[in-house]
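Here is a short tour of a protein chain for someone meeting it for the first time. Take a look at the sequence and the fold, then read on.

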Amino acid sequence: MTGPIQPGLRAIDAIDPNDPGIKMALAGGVTTANIMPGSGNAIGGQTLYVKLRGAFIEAMRVLTGQVLGGIKFANGENPKGAYGGKNQAPMTA
């Protein structure tokens, strides 16, 4: 993480269609997912809606064109732990 506001992060850039977790999700009955960045940033980036099938990420996408999905916001304890609250220094790892 380089800062609390990261709207340019994109889940599409980190998805591996061959990830074993996808096969595990399919085996458990999950067919569609909203994949998103983590919650350490207040604004974490762009999510992606996918069907859990296909050999390439473009074949997995639910929406086509410019829209990838939604945007990830985290307003709880994770951003405060990473960046600190008002008048409080962030915790160091």
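This is a predicted model: local features need pLDDT of at least 70, side-chain atom pairs count only at pLDDT 80 or more; totals for chains, interfaces and linings use all residues.

## Salt bridges, a strand and a loop

Asp-13 has a partner, Arg-10, and the two form a salt bridge whose closest N and O atoms are 2.8 Å apart. Arg-10 itself counts as partly exposed, at 37% relative accessibility.

Why would such residues team up? Side chains of opposite charge can pair when their charged atoms come close.

How many salt bridges does a search of the whole structure find? The search turns up two. The other partners are Arg-61 and Glu-58, with 3.3 Å between their closest N and O atoms. Here Arg-61 is buried, because its relative accessible area of 12% falls under the 20% cut-off. Glu-58, on the other hand, counts as exposed at 52%.

Here are the pairs side by side.

| Salt bridge | Closest N and O atoms |
|---|---|
| Asp-13 and Arg-10 | 2.8 Å |
| Arg-61 and Glu-58 | 3.3 Å |

Now step back to the whole chain. It has three helices and four strands, and they follow the pattern α-β-β-β-α-β-α when you read along the sequence. There are 93 residues in the chain, and 27% of them count as buried. The chain exposes about 6100 Å², with carbon and sulfur atoms supplying 58% of that area. What about contacts across the sequence? Among contacts with a separation of 6 or more, 58% come from residues 24 or more positions apart.

Next, have a look at strand β3, which covers residues 48-51. Strand β3 pairs with β1 (residues 32-35) in the antiparallel sense, over four bridges. Within this part of the model, Val-50 in β3 stands opposite Ala-33.

Finally, turn to Thr-47, in the loop between β2 (43-46) and β3. Is Thr-47 buried or exposed? At 3% relative accessibility, Thr-47 counts as buried. Leaving aside residues up to four places away in sequence, Thr-47 touches several others, including Ala-11, Ile-35, Met-36, Leu-68, Gly-70 and Lys-72. Asn-34 is also one of the residues touched, and the side chains of Thr-47 and Asn-34 make a polar contact at 3.2 Å.

Methods:
Residues are numbered from 1 along each chain as its sequence is written. Side-chain values use heavy atoms; hydrogens and water are left out. Buried means under 20% relative accessible area, exposed over 50%, partly exposed in between (1.4 Å probe, protein chains only). Helices (H or I, at least four residues) and strands (E, at least two) are DSSP runs, numbered from the N terminus. Two strands pair if DSSP finds at least two bridges between them. Contact means heavy atoms within 4.5 Å. Accessible areas come from the Shrake-Rupley method with a 1.4 Å probe; for residues, only the protein chains shown count as cover. A polar contact is a pair of N or O atoms within 3.5 Å; within protein, one must be able to donate a hydrogen and the other to accept it, and residues adjacent in sequence count only if both atoms are side-chain atoms. A salt bridge is a side-chain nitrogen of Lys or Arg within 4 Å of a carboxyl oxygen of Asp or Glu.
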